[in-house]
Amino acid sequence: MDQQYLGKADIIIMAACAGLMVANIYYCQPLIVLMARDFGIRESAAGRVAYFTQIGYAIGLLLLVPLGDILERRKQILFSTFITILALLLSAKAPSFPVLQIASVLIGVSSIVPQLILPLAASMAPAHKRGSVIGSIMAGLLVGILASRSLSGAVGSLYGWREMYLIAAGICTMLLGVMWWRFPKSTPTFSGNYKELMASIAHYVKTQPALRLAALINALSFAVVSAFWVTMVLFLTLPPFGYKSAEIGLFGLAGAAGALAAPLIGRISDGRDPGKNILIGLICELISFAAFYFTGSGIFLLLAGIVLLDVGHQSVQVTNQTIIYSIMPEARNRFNTVFMTSTFIGGASGSALGLLLWNMGHWTAVCAGASLVIILNVFLFFRYRPGRQQLD
């Protein structure tokens, strides 16, 4: 499947696989209350599962995704998926909360398949269509992230949180067959060993200011997104809402609707100044938290804020990925490693910070803290935006 033969069916399959694999990281979020009840712990303590999974994902991104430049990607994808299946089964059968936390880290470490698919898709796309292809894959990935919450909330409410992990293991087993059947073999682009590969990543971080800036801005953007989704579960279980996991999971559909903007954002990113897309995305995020703060006892502002938040983050992420994939084509996996490792370190930190702010001042503190992070991100954008100064 050479570059010129990348068709719509290929992109759809890649997008679906990316979305269904990344969903493994987010199934846990609407299930936090059910886990807390099962293990007899506080809900905020059960929320640690969310950021342990994100920490695991960051570890996998840092240590395993770079191997896509020296290994045959198809074999790496299939092996990672197999390990994910085992980790999901361990979660489903976890006899204690510490075991669940360990299994959550393993789920994160092994669920790196989307970040192997993205550079593969970018390498098969012509330069003038790279943004739209990345946007299409990101749409599938983001729908997977957001729809996963609705699915897990419904399954958790009807059958229990353990059954959700069993279903996820079944989904990944089917994906294993699809990827074995459809995914092409790749040719490694790096001839050195693993130590040299990791050293080259450090070199790129040191010498590529555009990569550093994209990684930092996206990390802070994802931090506020993660803080929202973790604490929203706690917010909606309290009066005046008192929602159950199935009802909370449905809010993911609002975000999934926002994910449909990703292909459009990708097309806009092709051949245009990326700075405007990033700034618009950050402004959307700031407006969304203003809507969250004034939500009150209704849900209209909450739903509108969710759509704005996800459209805003997509604008930031798709645009930044288009930028970094255009710098050095032969090092896309390593650039993606830096970018996505930073992103999920930001996500894990945001989840932890969100839970801390929740314990300090509930929803008001979360909205205020997230807004300050977004304002900091806007400052970084104006301080180091393309065409002026680089991030030293």
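Trainee: By class, what is in the lining of the second largest cavity, and what makes a residue polar there?

Mentor: This is a predicted model, in which local features need pLDDT of at least 70, side-chain atom pairs count only at 80 or more, and totals for chains, interfaces and linings use all residues. The lining holds 8 nonpolar, 3 polar and no charged residues. Ala, Val, Leu, Ile, Met, Phe, Trp, Tyr, Cys and Pro count as nonpolar, Asp, Glu, Lys and Arg as charged, and the others as polar, Gly among them. Gly350, Gly354 and Gly369 are in this lining, so they count as polar. Ala223, Val224, Ala227, Leu353, Leu357, Val366, Ala370 and Val373 line the cavity too, and each belongs to a nonpolar type.

Trainee: Why is this space called a cavity?

Mentor: Because, on a 1 Å grid over the protein atoms alone, a 1.4 Å probe fits at its points but cannot get out, and a residue lines it with an atom within 4 Å of a point. About 60 Å³ lies inside, a volume filled by probe spheres set on points joined across faces, edges and corners. Helices α11 and α17 each give two or more residues to the lining, with the largest share, 8 residues, from α17.

Trainee: What surrounds the largest cavity?

Mentor: Its space is about 130 Å³, lined by 18 residues, with Tyr26, Leu142, Ile145, Phe222 and His313 closest to the centre. The classes are 12 nonpolar, 4 polar and 2 charged. At least two residues each come from α8 (130–158), α11 (209–237), α16 (300–325) and α17 (332–384). The largest share, 5 residues, is from α8.

Trainee: What makes α15 a helix, and how does its span compare with the expected one?

Mentor: A helix here is a DSSP run of H or I with at least four residues, numbered from the N terminus. Helix α15 (residues 274–293) has 20 residues and reaches 30 Å, close to the 28 Å expected. That expectation is 1.5 Å times one less than the number of residues. Residues are numbered from 1 along each chain as its sequence is written, and side-chain values use heavy atoms, leaving out hydrogens and water.

Trainee: Which residues of α15 are called buried?

Mentor: Among them are Ile278, Leu282, Glu285, Phe289 and Phe292. Buried means under 20% relative accessible area, taken with a 1.4 Å probe and protein chains only.

Trainee: How do you know which helix to trust least?

Mentor: By pLDDT, the predictor's confidence in each residue from 0 to 100. The lowest mean among the elements, 58, belongs to α14 (residues 262–269), and the highest, 97, to α6 (residues 97–110). Where pLDDT is low, the coordinates should not be read in detail.

Technical notes:
1 Å grid on protein atoms, 1.4 Å probe; cavity = no way out; pocket = protein on both sides within 12 Å on 5 of 7 lines; lining within 4 Å. Buried < 20%, exposed > 50% of the residue type's maximum accessible area, 1.4 Å probe, protein only.
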